[in-house]
Amino acid sequence: MTMIRRLRSVPVTYRVPAIVALLMVVISAVISEHVLDRLSRTQEGYLNGLAETYLDGLSSAVIPSVLRGDVWEVFDALDRSKSSYAALSPVETVVTGSDGRILAATDPTRMATFSQLPDSYLSRYGPGVVTIDESALTGFAKRDLIYQGQPVGTIHATFDVSRLFAERREILFTLLVTNGLLAVLFSLGGFLIVRQMIAPMRVLENHMRSAAHGAAEPISPGEIPAGDSEVAGLFRGYNTLVHAERERANFAMQLAEEEKLSSLGRLASGMAHEINNPLGGLFNALDTLKTHGETPGVRDTSISLIERGLAGIRDVVEAALATYRPERSQRPLSADDLNDVRLLLKPELRRKRQRLDWHIVWNELRELPIRGGPVRQAVLNLLLNASTITPDGGSISLKADGSGNHLKIEIGDQGPGIPADIAGILVDSDPGPAVRAGRGLGLWMVRRVVDDLGGSVAIAAKRDGGTTVTLTIPFERESTKAYAA
Amino acid sequence: MTGLARQCVRQGNPPSRRALLKGALAGAASLAFHTNASAEDVAFKFGLTPVFLSNDLELLGHLQTFLSSKLGGPVELVTRRTYQEITALLVSGEIHSAWICGYPYVQFKANLDLVATPVWLGRPLYQSYLIASADCVVEDWTGLKGDVHAFSDPDSNSGFLVTRTLLAKNKLLPEAFFSRNFFTYGHRNVVRAVAAGLAQSGSVDGYVYEVMRQTEPDLIRQTRIVRQSEWLGFPPVASPKSLASDVRVKALQQALVSMKDDTEGKKVLDLLRLDGFLATAPSLFDTIAAEVEIVRQFG
C-alpha cells in the first residue's frame, strides 16, 4: 500500500516512463525466457542430429576394423573424422572392443590403447542422445557397435558444447542490450511525451498558484495550444473563470465603495444636522450681539453661546476627521475613540429616536495596545447596522470591556436577527461565499478589520429579542510589552 | 576383369580420378578385345606397395603418364592395402610388374625377376629405423621393451623384418619384447601412430621417414630415431619370371633406368626424392635373405 502511495506521489512525468521501463523489463524477461528456451531446444535438436550423424558415420567406418581388432584402422578413422565433423567439435572419441578395452582413442596419450576404459565413461550418460555437462561445457554420447545382432564394441564420444552456451550467452546479451536500449528509448519517449502533454497543466498550475496569491491572470491567447482542443477548452474555461472572478471582485469593490459612501452620506447628513442645529442659535446670538452688543451681560452670554456652539461643531468635525483620515488610524485605541463614535452616531439616533445604552469598562491605561482606527470603523459600522435594523424609538447598546488582556465589545440591537448567510460573513472561517453573493458589505468590512487585528466575532440572539454581536480583539504583543514597560 | 572391379572397391588408398578413369578405360578396352587381342593390347598392370608414398595422388598421375608413354600402351596402376596382396598378384602373374619390398622379393626370388632398383642418395640402398615419440628418453633399442609397437606390414623388410631380426639375434620375439604390437600397413601410418601416441615406438622405412622429414616436418618432429639399421637393398621393381618374354617388361626396365633423363620421369623422381633407377644384381638383397634366415632359424 505504502509502495503504491509512494509511487502515486511521484510526478506523472517520471511515473509514466518508470512504468514503461518496468513493463519493458517484464516483457523483455518473458521474451528472453521464451527465446532462450526455444534456442536451447533447437540447439539440443541440432546437437543430437549432429551427434547421431557423427556416430552413424563413425560406426560404419570402424565396425570392420573393430571386428578385426585393427587398432590402426580404428585410430585412422577417428583421426580423419576429426576434420570431417568440425561443426560438432568432437573433443575425444574412444572406441572400445567387446571386452571393454580401448581399441583406439583420438588422443592415445590420454586414453592408451589396450587399457581398460575408466568407469566414469560408463556412468556419464543420461537418457537423451547427448548428455550435457554444463559445468564442463561438454556433451557425451555413446553408440554400441552391433554386427549381426552381436555387440562388438562401443563408441564413446565427448563434444565441446561451449559454442552452444556461448551462442546462448551472446543471444541473451543481445536481447538484454536491445531490450535495455528499447526500455531507455521508450522511457525517454514517454518522459518527453508526458512532459509535452502536461506542459499546459503546468501553465494552468502556475496561473492558479499566482491566483491563490491574489493575482489571477488570464492565460494569454498565445499560450493556448491551437491543435489541442481539450487543453484549449480547459484554458478558455479557466480564463472565463478569471474574468468572472474579476468582474465579481470589481462589483464587490464597487458595492463596498457605495456602502462606504452611503454610510458616509448618512453620517454627513447627521453631521450637517449637528452643525446646523447650533448654527440657528449661533446666528441668533450674532443678531443679539449686533443689536444688544453693548450690553455687557447680553454680550458675554451671546459670546459664550457662540463659543459652545462652535466647540460642538469642532467636536463633530474632529470626530469625523479621526474616523476617515487613515493617518490617524494607526494610533492606539483610547476611550475617546469610542466616544467619537458615539458622537458621530448621535444624529442618526436622534433621527430614529433611538436610545443608546453605553457602558464602557476601561483599564488603568488610557490607551489600549490595539490600533484605534480600524476598531472605530468596525464599531461605527456595527452600530449603524444595529440602528438600521432596530425599529424607530427602540434602543441599541454598546458594552466595551478593556480591563483584561483583550478588548471585548458587545453591540446589541432590537432587530429581527441576522440571516444565517449574512451572519456567515462575520463568523464563518471562509466568508467568501456570502461576500460573493454581494450582500452585507458593511459586515464584510467589519470582518476584515477583525481578521486584520487577529480577533474573532460571535453572534448571539438576545433573550428579549434582538441580537448581540461580540467582538473579541486581543492586545498586540509587542505593544503589550511596550505598555507594560 | 573382375579383378579390376575389385580393385576400385578394395583399394586402401584410392588413386586419382584420372587414374581411375584410365584404369576403367583400359579395362573396358581389354574387355572388348579380349578374344582376339594380342598380349600387348592388354593394359600393362603395374603394382604399387605402400612402401611407396601412396598418399600422393599427383605422383600416381605422373607415373602413369610416364609409363604409358614409354611402354606405348595403356598402363594400369594397381594398389592394394597390404604388401601381401600385391606380392600375391605379382607372383601369380596377375600383374605385369610391381614395386615390392626386398623381403617378399627374397621370399619369392625363384618366381621373380628384378627389373630395376631405385637409387636413393646415390646408392640403391636404404635403412630401417626404430622410432619413438620425441619426448621418449631411451639409450638404445632395448629401452623400447614393454612398448606398444607399431609395425608397418608383416611383408615389409624395413617395417617388420629388420626389427624382427634384431630381436631374433637377441633371442627375443616381438610378442615377448613389446607389450602389444599392431600393423598399420603403411610406413607413414607408423610415423603417425608414434607421433599421436597410439604406439610408443615403431618400425619404419628410413627412406620414407627421411622424405617425410621434408614433406611433413611437423609430424617427424614429434618422433625421434632410436636405432638405424645397416644399409639394405632398396625395395625393387620386380616382374614374374612367367612374363620374362613380355617385351613391355624389358621396356619397363629401360624406361625406369632412363627415367632421370625424361621430363615426366624427372617429375616422378623429384616427387619421390629418388635419384633414379638401376638394373641391379639379385645379390643386392643377400643381406635381407640373411635376415630371413636368422628369423627362420630362431623360429
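Trainee: In β12(B), what is the bridge partner of Ala116(B)?
Mentor: Val237(B) is the partner of Ala116(B). Keep in mind that this is a predicted model.

Trainee: How many bridges join β4 to β12 in chain B, and which way do they run?
Mentor: Four bridges join β4 (residues 112-119) to β12 (residues 237-240) of chain B, and the two strands run antiparallel.

Trainee: What sheet are they in?
Mentor: An open sheet of six strands in chain B, in the order β2-β1-β3-β12-β4-β13, with mixed pairing. The edge strands, β2 (75-79) and β13 (276-278) of chain B, each pair on one side only. From one strand to the next, the twist averages 25°.

Trainee: Which strands does helix α11 of chain B lie across?
Mentor: Helix α11 (residues 247-257) of chain B lies across β1 (44-48), β3 (97-99), β4, β12 and β13 of that chain. The helix runs at about 15° to β4(B).

Trainee: Over to chain A. What's in the turn between β4(A) and β5(A)?
Mentor: The two strands form a hairpin with two residues between them. Gln148(A) sits in that turn and has a positive phi of about 50°. β4 (residues 138-147) and β5 of chain A run antiparallel, joined by 10 bridges. Ala141(A), for one, stands opposite Ala157(A) in β5(A).

Trainee: And β1 of chain A, how many bridges to β5?
Mentor: Seven, between β1 (residues 90-97) and β5 (residues 150-160) of chain A, again antiparallel. Gly97(A) has Gly153(A) as its bridge partner in β5(A).

Trainee: Last one: how many residues of chain A are in contact with chain B?
Mentor: Nine residues of chain A, in contact with 10 of chain B. Helix α3 (residues 71-84) of chain A gives the most to chain A's side, with four residues. By class, that side has six nonpolar, two polar and one charged residues.

Technical notes
Residues are numbered from 1 along each chain as its sequence is written. Chains are lettered from A and ligands numbered from 1 in the order in which they are written. This is a predicted model: local features need pLDDT of at least 70, side-chain atom pairs count only at pLDDT 80 or more; totals for chains, interfaces and linings use all residues. Two residues are in contact if their C-beta atoms, placed from the backbone, lie within 7 Å. Ala, Val, Leu, Ile, Met, Phe, Trp, Tyr, Cys and Pro count as nonpolar, Asp, Glu, Lys and Arg as charged, and the others, Gly among them, as polar. Two strands pair if DSSP finds at least two bridges between them. Axes are lines fitted to C-alpha atoms, for helices over the stretch in contact, and angles run from 0 to 180 degrees between N-to-C directions.
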